[in-house]
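Trainee: I am new to this structure and would like a close look at its salt bridges. Could you take me through them slowly?

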Amino acid sequence: MKIVVIGGTGLIGTKVVTRLRGQGHEVVAAAPSSGINALTGEGLEEALAGARVVVDVANSPSFEDKAVLEFFETSGRNLLAAEEKAGVKHHVALSVVGTERLLGSGYFRGKMAQEKLITAGRIPYTLVRSTQFFEFMGGIAKAGTEGETVRVSTALIQPISSDDVADAVAEAALGAPVNGIVEVAGPERVRLVDVVQRFMTAKQDGRKVIADAHAPYFGVELDDQSLTPGDGVRVGPTQFEEWLRRSAT
């Protein structure tokens, strides 16, 4: 089966491509660097010719409100139109747990716009909504940095390893469209500030971490329901401490 992975050279995309190729499928790792650009439409028609499944794990290069909305809306429209022309049977997209609860953020408004295009389209689909990746903890710490302190929200999250996300996306790509949402999360529900502290301790980062219930996340204040999954979530097996040990080596 031919499968096109949009964003196929990124963190999740490379792992999804490897998994699908390992199962014998013809996989195109689509990215601007390979001449396939969903935002401009460049190379889409050629890349999608004969494809049965398209997996979209691309992310906006800019998190500025206007740019991120334009990215998800324009690339989403271009991609879905090209899929219709090519006769694609299944569209799989990676999104974020809690997107509809975080619309005060320009980034999440962009993700919601992407989801709405997919659900209103004619291509059968599966939306894989993931919680925060372990790999994002350094970026979250950076965003909360004020001099020698790091201010982080106390809200609950249920973070997951990128390997477990890639497993879920690849499984969705090989399954039947659910025409709905599949949520994936890690095995541990924890305060965001605590997991960032564990990350920084493991990296021997001595800056002081300050727990702040009002600290913003992508421009919005969180509560304990903002980023946590609902019932029926698929739980990845990788523990945070296991991932820390692996990433250290």
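Mentor: Gladly! A salt bridge is a side-chain nitrogen of Lys or Arg within 4 Å of a carboxyl oxygen of Asp or Glu. The model is predicted, so local features need pLDDT of at least 70 and side-chain atom pairs pLDDT 80 or more, while totals for chains, interfaces and linings use all residues. Residues are numbered from 1 along each chain as its sequence is written, and side-chain values use heavy atoms, without hydrogens or water.

Across the whole structure, the search finds 18 salt bridges. Let's begin at Asp-163, which forms a salt bridge with Lys-15, their closest N and O atoms lying 3.0 Å apart. This pair links distant parts of the chain, 148 residues apart: Asp-163 belongs to helix H6 (residues 162-174) and Lys-15 to helix H1 (residues 11-22). Helices (H or I, at least four residues) and strands (E, at least two) are DSSP runs numbered from the N terminus.

Asp-163 also forms a salt bridge with Arg-19, where the closest N and O atoms are 3.4 Å apart. Here again helix H6 is linked to helix H1, through residues 144 places apart in the chain. Asp-163 has 24% relative accessibility, so it counts as partly exposed; Arg-19, at 23%, counts as partly exposed too. (Buried is under 20% relative accessible area, exposed over 50%, partly exposed in between, with a 1.4 Å probe and protein chains only.)

Elsewhere, Lys-85 and Glu-45 meet through their side chains in a salt bridge of 3.4 Å, N to O. Lys-85 sits in helix H3 (residues 65-86) and Glu-45 in helix H2 (residues 44-48), so this pair joins parts of the chain that are 40 residues apart. Lys-85 is exposed, with a relative accessible area of 64%. As for Asp-163, salt bridges with shared partners join Lys-15, Arg-19, Asp-163, Asp-167, Glu-242 and Arg-246 into one network.

Now for a contrast. Glu-183, in strand E9 (residues 181-185), is buried yet has no salt bridge. The nearest side chain of opposite charge, Arg-129, is 4.8 Å away (Lys and Arg count as positive, Asp and Glu as negative; His and chain ends are not counted). What lies 2.7 Å from a polar atom of the Glu-183 side chain? That is the backbone nitrogen of Gly-230. Beyond its neighbours within four places in sequence, Glu-183 is in contact (heavy atoms within 4.5 Å) with residues including Val-97, Pro-229 and Arg-234.

Methods
A polar contact is a pair of N or O atoms within 3.5 Å; within protein, one must be able to donate a hydrogen and the other to accept it, and residues adjacent in sequence count only if both atoms are side-chain atoms.
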